[in-house]
Amino acid sequence: MNALKQYIDLFDESREIIEEQSPAILNTLRSSAREHLETARLPRKGSEDYEATDLEAVFAHDYGVNVNRLPFDADPSETFHCDVPNMSTCLYYTSNDAFHSSATAERNIGQVVVEPFSMAAVDYPELMEAYYGKLARMSDPTVALNSLLVQDGLLIYVPDGIVAERPIQLVNIFNAALDMMVQRRLLIVVGKNASIKLLACDHTQSADYRYLNNQVVEIVAMQGSTLDLYDMEESTPLTSRVSSIYVNQHEGSNVLIDGITLTNGFTRNNYHVEVNGEHAETHLLGMTIASGEQHVDSHTFISHNAPRCHSNEMFKYVLNDHAVGAFAGKILVQPGCPRVEAYQGNRNLCGAPTARMYTKPQLEIYTDDVMCSHGSAIGQLDEEALFYMRTRGIGIDEARRLLMQAFVADVIDGVRLDALKDRLHYLVEKRFAGTLSNCATCAAACRPSTKD
Amino acid sequence: MLVIKDLQASIEDKQILKGINLTVKPGEVHAIMGPNGSGKSTLSAVLTGNPAYTVTGGSVEFYGKDLLALSPEDRAHEGLFLSFQYPVEIPGVSMVNFMRTALNEKRKYFGQDPLSAADFLKLMREKRAIVQLDNKLASRAVNEGFSGGEKKRNEIFQMAMLEPKLSILDETDSGLDIDALRIVASGVNTLKSKDNATIVITHYQRLLDYIKPDFVHVLYKGRIVMSAGPELALELEEKGYDWIKEQVDSQQ
């Protein structure tokens, strides 16, 4: 069986329609993607780097693909108000696979470019040509599939020297009334000494349909630039996500990527960071809270290709019920890169004997005079602390919640946006209390209620 | 308020308590002394419901209720408090959050509304003063990085906040210097009233100079083998436990 075949067939049948409706730049990769997929197979559970995760099974379902670009939703900004209190953002939406801007996008007073590829191909052809598809690797069949079928995407471009006043918030919503796969694609270019904070939230409005987001994000951080990407998922048990983020960091750039999964079905997050300039700083953070049958797998690769860089990686998982977590992280220090400091940590809490965690920390160092460490631990809630709290009258459930919250607190504190930090503490508290449901400010029921 | 009858308990199939009998009335201070390994800490653990121990016989009534049938948290709500010999560090949980949760859970148990933030902070301030606990400590994670003395003062601070009817002080004097001992003891004495009672578990007479007991019991091999007035503590300080051990062992 080959789950890719149905999509290759679909492409072969509809290539003309797909290409007609896409900006020309996206069509330049399709032949190469098609070639890669000819012999490619999606990894099965147990294969290298997929010890706990079966991608073949995820893609095997017969998802609809919106080849004809039919519109689903007039204006999601009328339904969705994904506000972070005390945080003034410029809000944009992806509804299934279509891009919308909201009224608050006007706050983005013409400095930071946020445009769908269809527009960007006209307005910034040289940028699109220089960076589209240059980082993502077709050797990953999910990237090849994205490149094969993608029809639009989003360019976020911060010109040299521009410090974005407000964070950009991108709300990705599934709200189709059918099973559907989308190829989301982001290209983020942060110019020299430019700075931006980006918050992406994945939501699912309907819990009744099966969705698959097969996304590719390419990030170029120029000299001295700063980028924060908070990538948060709050979807439903029937939603799957395969996300691959590729980063190219130039000299003195500072990139923070924080992947947060509060609710989901199946998720595989790949992070591939190439540190190509001296004095670059990389912060890779992850927080997963999973219960029920949730499956969250993070795979990270940081390649230090230049001396005197600093990377810091910390992923934390709290797993309950039958949740499955996986983490595989590799730090590579290439030859000729002295004074690199690279730290990797993965800490996991299994709150139930039926929860499973798979972890694989790796270091590969080809230079002397570096400081690197990696560590991984899986544990349970501290019985002594639980009893201590109970003798103070704190019930067992509440005590467990406090301890689980405390466990992830330092990852949340790594967030470099105060309002978002507060919001995350609040959301995590609600998540553990089992009362994470609809946002108070929002009419759409895009958050399922889950309980540990 | 507390009636313990023939209490027996074990840990991992090892019998530790072999029939404890003890009655405590409001306003009383009981000291429990005894050599190492006699079961003093086990008694406090069993009374507060530590799941590591199994009760194998006997009964405990607390204000007429079957204490052993209650969960540890409900025992706390009913007015039982244990000052730990080794207070537990809980990184990531702030003292404020910890105390507010504890207090509000108790209020919930009695059908009361949660305390307002202002009232709560006012209460924290008042009670902190009793054991001279620094505000900085109150804003840190529970016991994390506290010195030995600070941990013990923090225990008495929590006792002040929760206003228990019966407090068990498990070797609260261990690891304390003289000044800290005075502060802790004066805290305990400030909280003392005719309506509440205290069980002081200690190795030494020293603490009993500050917290005056009405009764002194000697625990040995899982049983209370001797009970008397405060003069017994002085006698033990002078003569040690050997004479009691001999007396008990020869009877067996």
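I began with a pairing: strand 8 of chain A runs parallel to strand 10 (residues 211–221) of chain A, and six bridges link them. The model is predicted, so local features need pLDDT of at least 70, side-chain atom pairs count only at pLDDT 80 or more, and totals for chains, interfaces and linings use all residues. Residues are numbered from 1 along each chain as its sequence is written, while chains are lettered from A and ligands numbered from 1 in the order in which they are written.

**Entry 1: strand 8 of chain A**

I noted the terms first. Helices (H or I, at least four residues) and strands (E, at least two) are DSSP runs, numbered from the N terminus. Two strands pair if DSSP finds at least two bridges between them. Strands of a sheet pair through backbone hydrogen bonds, either parallel or antiparallel.

I then looked at strand 5 (residues 154–158) of chain A, which is parallel to strand 8 of chain A and joined to it by five bridges. There, A:Leu154 stands opposite A:Leu186 of strand 8.

Is strand 8 of chain A mostly covered or mostly open? It is mostly covered: six of its six residues, 185–190, are buried. A residue counts as buried if 20 or more other C-beta atoms lie within 10 Å of its own, as exposed if 12 or fewer do, and as partly exposed in between; C-beta atoms are placed from the backbone. I checked which way the residues point. A:Arg185, A:Leu187 and A:Val189 point one way, A:Leu186, A:Ile188 and A:Val190 the other way, and all are buried.

**Entry 2**

Two packed helices are described by the angle between their axes and the distance between the axes. Axes are lines fitted to C-alpha atoms, for helices over the stretch in contact, and angles run from 0 to 180 degrees between N-to-C directions.

I took helix 1 (residues 4–20) and helix 8 (residues 141–149) of chain A: they pack at about 25 degrees, with axes 10 Å apart. That makes helix 1 of chain A roughly parallel to helix 8 of chain A. The cut-offs are under 35 degrees for roughly parallel, over 145 for roughly antiparallel, 65 to 115 for roughly perpendicular, and oblique for the rest. The crossing of the two helices is left-handed; that is, the near helix is turned anticlockwise from the far one by less than a right angle, and clockwise would be right-handed.

On helix 1 of chain A, the residues in this contact are A:Leu4, A:Tyr7, A:Phe11 and A:Ile18; on helix 8 of chain A they are A:Pro141, A:Leu145, A:Leu148 and A:Leu149. Contact means C-beta atoms, placed from the backbone, within 7 Å. By class, I read eight nonpolar, no polar and no charged residues. Ala, Val, Leu, Ile, Met, Phe, Trp, Tyr, Cys and Pro count as nonpolar, Asp, Glu, Lys and Arg as charged, and the others, Gly among them, as polar.

Next came helix 3 (residues 30–39) of chain A, packed on helix 8 of chain A at about 140 degrees, with axes 8 Å apart. These two are therefore oblique to each other. Their crossing is left-handed. The classes are six nonpolar, two polar and two charged.

**Entry 3: the sheet of chain B**

I traced an open sheet of six strands in chain B, in the order 6-9-10-3-11-12, with mixed pairing. Strand 6 (80–83) and strand 12 (223–228) stand at the edges with a single partner strand each, so one side of each has no neighbour in the sheet. The twist averages 20 degrees from one strand to the next. Strand 3 (residues 29–33) and strand 11 (residues 215–220) of chain B run parallel, joined by four bridges. B:His30 stands opposite B:Phe215 of strand 11. Helix 10 (residues 242–251) of chain B packs on the sheet, where it touches strand 11 and strand 12, and its direction makes about 60 degrees with that of strand 11.

**Entry 4: where the chains meet**

How many residues does each chain give to the contact? Chain B gives 20 residues and chain A gives 16 residues. On the chain B side, helix 2 (72–77), strand 7 (90–94), helix 3 (95–109) and helix 6 (148–162) give two or more residues each. That side divides into eleven nonpolar, six polar and three charged residues.

How values were computed: Two residues are in contact if their C-beta atoms, placed from the backbone, lie within 7 Å.
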